Amino acid sequence: IESKKEYGEFLKAAQAEEQWVLLDFYAPWCAHCARLNPILEEFAAARTSVRVAKIDATRHKGLATEHVVDGYPTLRFRVSADGEFRDFKGARDLNALEALDARLRSPPVTENLNWNQVLDLCDLGSVVFVMNSSSSNQERIFRAVANDRYHEASFATTSDEKIKSGSVAVVEKNMNEPYYFPFSEQEFSEASFKSWVKKHNVPLFASPLGPSIFRRMAAARKIVVAVVDPNATEHNALTVAVKDAIYQADSSIREYFAAGWLDGNRWAQYVSTFDVHDLPHLLVIDLPGKRFWNHEDEITSADAIINHLRNILAGVAHPRYQGVRGLPDRAVRFYLNEHFVACNFAIALALFCTFLLIKFRPQSTSDDVSFNNQQSSSMKKDD
């Protein structure tokens, strides 16, 4: 897009072809934007349902302001001419864009699926929110939220006995059983269900954790992280234990935790802010609370991890803090850090050398002392 006029013509062309619109706001110097370019080109070339535009936000500041662009790249989309633009918050990869396209071309709710079809629908975005013969009020709320959020989540109805009649649940392929909306029918409101959808519209275990899925998980739940070297097969035990723990845990754990593994080599600088320096390592992060639990003892069993998570919820396992609140803890650990010990040794060595220089510096001779005394006496006489 080179002008406001061209932008208007672009939108008119999309409306005439009944296409949904995807806008990519970029900056020429942005490395993330450069990496996204070939993905967008492949995505747009493979389908006629979407029209994609690239907008240099550093040149077209009016359009960037209109779309509240505050970072690069920013992806925004609109389903139709009478719809509003929304931010695309999914992963910046081909699979996520294809899932968005599939959802926007489908009805907000997929009707009357059997259990296997529900599991197949999980492939679109890892989880599906399913309703089975609920009351008229529940159905109204379910469909209202689906109409509002279907671009980022999958919704379906079923009469399959795998889902309890009169209930709403979230289903994921790796779950032992569906996870049901935890409130009573009286507490089932549009606001509470929308919040629950936002919280659980991620897999329980991400493999691997990337920036996009990490942010989505961390917004609502604590994240249990297996920090590993993916090339070290001996690290697999921790990854498997974390995955088994999160899928075997009961609802009290599932409501408050999600999990995944993180490449400790690629993200070494980031995990070092949580005092993780050796791999493999178990880490639990509460990003909104700016706190974390750094488990320094080796854990390789799902049961041990579940017990650790229960201790966190019960307040038995004490967190460490980021930000200002964590300064005292970081100061103590910095003092004990081997680099600081080395610094102390260097300072002590410098002080010792200074002491030796003072103690064994050359002393004034008797002639010098006599001369100084005579000079002082002469000055007094002159006075």
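1. A residue counts as buried when its relative accessible area is under 20%, as exposed when that value is over 50%, and as partly exposed in between, with a 1.4 Å probe and protein chains only. His67 has 3% relative accessibility and therefore counts as buried. His67 sits in the loop between α3 (61-66) and β3 (74-78). Apart from neighbours within four places in sequence, His67 is in contact with Tyr7, Leu23, Phe25, Arg76 and Phe85; contact means heavy atoms within 4.5 Å.

2. On the basis of the note: this is a predicted model, in which local features need pLDDT of at least 70 and side-chain atom pairs count only at pLDDT 80 or more, while totals for chains, interfaces and linings use all residues. Residues are numbered from 1 along each chain as its sequence is written, and side-chain values use heavy atoms, with hydrogens and water left out.

3. The chain has 15 helices and 15 strands. Helices (H or I, at least four residues) and strands (E, at least two) are DSSP runs, numbered from the N terminus. Of the 383 residues in the chain, 42% are buried. Among contacts between residues at least 6 apart in sequence, 71% join residues at least 24 apart.

4. Strand β1 (residues 20-26) is mostly covered, with six of its seven residues buried. β1 and strand β2 (residues 50-56) run parallel and are joined by seven bridges; two strands pair if DSSP finds at least two bridges between them. Leu22 has Val52 of β2 opposite.

5. The axes of helix α2 (residues 31-45) and helix α4 (residues 94-104) cross at roughly 35° and come within 10 Å. Axes here are lines fitted to C-alpha atoms, for helices over the stretch in contact, and angles run from 0 to 180 degrees between N-to-C directions. The crossing of α2 and α4 is right-handed; a crossing is right-handed if the near helix is turned clockwise from the far one by less than a right angle, and left-handed if anticlockwise. α2 brings Ile39, Leu40, Glu42 and Phe43 to the contact, and α4 brings Leu94, Leu97, Glu98 and Asp101. By class, the contact of α2 with α4 has five nonpolar, no polar and three charged residues. Ala, Val, Leu, Ile, Met, Phe, Trp, Tyr, Cys and Pro count as nonpolar, Asp, Glu, Lys and Arg as charged, and the others, Gly among them, as polar.

6. An open sheet of five strands has mixed pairing and the order β5-β7-β6-β8-β9. β5 (110-113) and β9 (179-180) stand at the edges with a single partner strand each, so one side of each has no neighbour in the sheet. Strand β8 (residues 167-172) and β9 run antiparallel and are joined by two bridges. Val170 stands opposite Tyr179 in β9. α6 packs on this sheet, touching β5, β6 (127-132), β7 (155-158) and β8, and its direction makes about 150° with that of β7.

7. Which residues does Ile163 contact, leaving aside its neighbours within four places in sequence? They are Trp115, Val130, Asn132, Thr158, Ala169, Val171, Pro178 and Tyr180. Ile163 is in the loop between β7 and β8 and, at 2% relative accessibility, counts as buried. The C-alpha atoms of Ile163 and Tyr179 are separated by 9.5 Å, with the two residues 16 apart along the chain.

8. Helix α6 (residues 136-149) packs against helix α7 (residues 190-200) at an angle of about 50°, with the axes 10 Å apart. That makes α6 oblique to α7; angles under 35 degrees count as roughly parallel, over 145 as roughly antiparallel, 65 to 115 as roughly perpendicular and the rest as oblique. The crossing of α6 and α7 is right-handed. Ile141, Phe142, Ala144, Val145 and Asp148 in α6 meet Glu190, Phe193, Lys194 and Val197 in α7. By class, the contact of α6 with α7 has six nonpolar, no polar and three charged residues.

9. An open sheet of six strands has the order β10-β12-β11-β13-β14-β15, again with mixed pairing. Strands β13 (residues 281-286) and β14 (residues 291-295) pair in the antiparallel sense over five bridges, and Val284 has Trp293 in β14 as its bridge partner. Helix α12 (residues 302-314) lies across β11 (222-228), β12 (257-263), β13 and β14, and runs at about 30° to β13.
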